[in-house]
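Below is a short briefing on one structure, grouped by topic. Please read it alongside the sequence and coordinates.

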Amino acid sequence: MTTTTPETREKIRDYIARHCFTRDLPERYVNLLVEHADVRAYQEGATLFTEGMPADRFHLIVSGRVAILMNVPGRGDQVVDTVEDCETAGWSWLVPPYRWFFDARAVTDVLAVTVDAKALRELCHDDPEFGYLLLQHVTQVMLERMQAARIRLADVYGTGPT
Amino acid sequence: MTLLTSPPTTTARRTSPFDLREFRVARRRQDTRDTVTLALEPVDGAPLAFEAGQFTMLYAFGVGEVPISISGDPTRPGPLWHTIRDVGGVTHTLAHVRRGDVLGVRGPYGRGWDVSAGKGGDVVLVAGGIGLAPLRPALLQLLSERADYGRVVLLYGTRTPEDVLYVEELERWRGRFDLEVDVTVDYGPPQWHGKVGLVTSLIPRAGFDPAHTLALVCGPEAMMRYVASALLDRGVDPQRVRLSMERAMDCGVGLCGHCQLRELFVCVDGPVFGYDRLERLLWLREV
């Protein structure tokens, strides 16, 4: 459980209750998340997480823009996606080996609610209804991201109209 | 190239849709690595009136003729503007013309966006790649009649930051308080501070009221399918979603059949169609 002041907990509760990813969760589940959450501010250019490092937090972006990056030797960092307010950053906390697959860096100043991933996994295990609901939400977002990535792979702009 | 400066002789009076007018290249601007914009002045002095969304058949003398959407302002007489991507033999020639060269122009042809159908409501324009060029006249018309419309939103996706068209104009548009502009690219270098992702990802959070929106979409056909789906998911009426189609054409007037899309001819029935009319055809293979 994260130690926070009552005021901060209320602020976190408000952020979670209004966030696109969590706003339709029953209040009892919002409360569960609040118990294991904190709020973090990242300045422009700051790193949220790094490839290969333990994926120990789940990030709900409250404001700002985050670049998901892959380092390509000889080409430097390539931005493969961006996420913004009311979106989530990173899924590696959900499945073994719980290590980040990409880097995430704040493109602008970013405010995020982050949830302890280990505690979240335990909550999913202990309360399958909560776990199923959370996974449904995660799957929806992952599906949209995967479909978008596949369409981008097709490079549709390469044969556009003239 | 000398063949461009020696066009065939044409008659002064034109009544046939095949009549060709001569236009001189007044300006050539390199927009991106493979895309240029040409300003063409009529040799006979009479400007070409057109509706937003229409196209002309542009003729590089001795090389060939291709349909190219008009990218200029339909509300202001002046040069004929075309934005051309260098993707084939004729477009390669057109993309490398020089100031003073003469091109042949037939048209304008086709049904345009009918922008005024959006009066009183919101209008969202969704462009992919060079699809921004046929939407530019619609946006310029909207801006010239700005008070007649609600919110106006331009969503634009392209491959990389280097492929973004009309950069200076986009920056001006973005600076307006009465226009929402959002741009995303498929791939971004680390210095790119904009969005990376598919253009469809811009639709859920764009500021328009789906129940009172006219949506104008232009880009690669695959992209338009997904954009149309995202607009419908948001609640836009299929009859209020309009797509500009692209097909090879020889005549531009419904005779050659090259642009046929089942029972439709893109050149005369389109190029702009309502999604309610196209939906069935867009999901058919090999049409």
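Gly235(B), with a positive phi near 110°, follows helix 4 of chain B; helices (H or I, at least four residues) and strands (E, at least two) are DSSP runs numbered from the N terminus. This is a predicted model, in which local features need pLDDT of at least 70 and side-chain atom pairs count only at pLDDT 80 or more, while totals for chains, interfaces and linings use all residues. Residues are numbered from 1 along each chain as its sequence is written, and chains are lettered from A and ligands numbered from 1 in the order in which they are written.

**Helix 4 of chain B**

- The 14 residues of helix 4 (residues 221-234) should span 20 Å at 1.5 Å a residue, and the end C-alpha atoms are 20 Å apart, which agrees; the expected span is 1.5 Å times one less than the number of residues.
- Met223(B), Met224(B), Val227(B), Ala228(B), Ala230(B) and Leu231(B) are buried in this helix (20 or more other C-beta atoms within 10 Å of the residue's own, with C-beta atoms placed from the backbone).

**Nonpolar cores**

- The largest nonpolar core has 80 residues, of which Leu125(B), Leu155(B) and Val217(B) touch the most other members; such a core is a set of buried Ala, Val, Leu, Ile, Met, Phe, Trp, Tyr and Cys residues joined through C-beta atoms within 7 Å.
- Domain 1 (2-109) and domain 2 (115-282) of chain B both give residues to this core, so it lies between them; the domain bounds come from an automatic or database domain assignment.
- Another core, of 35 residues, lies apart from it and includes Leu33(A), Trp100(A), Ala112(A) and Val196(B).

**Contact between the domains of chain B**

- The centres of domain 1 and domain 2 of chain B, taken over C-alpha atoms, are separated by 23 Å.
- Domain 1 gives 22 residues to the contact and domain 2 gives 21 residues, where contact means C-beta atoms, placed from the backbone, within 7 Å.
- Strand 6 of chain B supplies the largest share of the domain 1 side, three residues.

**Contact between chains A and B**

- The contact takes 19 residues from chain A and 31 residues from chain B.
- Strand 5 of chain A gives the largest share of the chain A side, seven residues.

Technical notes
A residue is buried if 20 or more other C-beta atoms lie within 10 Å of its own, exposed if 12 or fewer, and partly exposed in between; C-beta atoms are placed from the backbone. Two residues are in contact if their C-beta atoms, placed from the backbone, lie within 7 Å.
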